[in-house]
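Trainee: I would like to learn how to read a structure, one feature at a time. Please show me the model before we start.

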Amino acid sequence: TTALSLFLLMHPSISSSFSSTKTYEEVQFFNTNNYHHGIDWYMELFPLPSNVSSDFLFEKSSAYFPSEDAPRRAAALLPKAKILTVLINPSDRAYSWYQCLE
């Protein structure tokens with residue numbers, strides 16, 4: 001997800017959510033109680049787009065995939081949103097987490 005985020009940010013019309021101590025880097029909006037803060041709280045975590053008609057915003061939250069609530073909530077609030085899922089070999093993911101802990 002980090003590599004995909006970096007590649008997306010290379011595009012001038014794509015912006016990511018701000019890193020936040022409130023959300024521990026990842027927004028985790030659609031799968032946690034953060035959802036009850038509402039769409040205005042969620043949108044405050046993003047920069048204002050320079051061109052609302054052509055700019056795109058994205059966020060990455062690794063715990064959306066196993067959540068049963070996240071897809072329903074995302075579709076209800078942002079019906080035109082596109083969701084990308086990055087799959088990785090579980091042993092590679094465990095090793096990646098291990099490297100982050102050192």
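Predicted model: local features only at pLDDT ≥ 70, side-chain atom pairs only at ≥ 80, totals over all residues.

Trainee: Where does Gln28 lie?

Mentor: Helices (H or I, at least four residues) and strands (E, at least two) are DSSP runs, numbered from the N terminus. Gln28 sits in the loop between β1 (14-16) and α2 (39-43).

Trainee: Does Gln28 count as buried or exposed?

Mentor: Buried means under 20% relative accessible area, exposed over 50%, and partly exposed in between (1.4 Å probe, protein chains only). Gln28 counts as buried because its relative accessibility is 14%. Leaving aside residues up to four places away in sequence, Gln28 touches Asn34, Glu59, Ser61, Ser62, Ala63 and Tyr64, where contact means heavy atoms within 4.5 Å.

Trainee: How many aromatic pairs are there?

Mentor: A pair of aromatic rings is described by the distance of the centres and the angle of the planes. Rings of Phe, Tyr and Trp (its six-membered ring) pair if their centres lie within 6.5 Å; planes under 30 degrees apart are stacked, over 60 edge-to-face, and the rest tilted. This rule gives 8 aromatic pairs. One of them joins Phe29 and Phe30, edge-to-face at 4.9 Å centre to centre with 80° between the planes; both residues are buried.

Trainee: Why is the pair of Tyr42 and Phe46 edge-to-face?

Mentor: The planes of Tyr42 and Phe46 are at 70°, with ring centres 5.1 Å apart, so the pair is edge-to-face. Tyr42 is buried at 5% relative accessible area, and Phe46 is buried at 6%. One aromatic cluster is formed by Phe29, Phe30, Tyr35, Trp41, Tyr42, Phe46 and Tyr64.

Trainee: Which elements each supply at least two residues of the lining of the largest pocket?

Mentor: For the largest pocket, the elements are α1 (2-9), α2, β2 (56-58), α3 (69-77) and α4 (90-101).

Trainee: Which residues does UniProt list for "signal peptide"?

Mentor: The unreviewed UniProt entry lists residues 1-17; such annotations may be inferred rather than shown by experiment. The end C-alpha atoms of residues 1-17 are 14 Å apart, and the span is 47% helix and 18% strand.

Definitions and conventions. Residues numbered from 1 in each chain as written. Heavy atoms only, no water.
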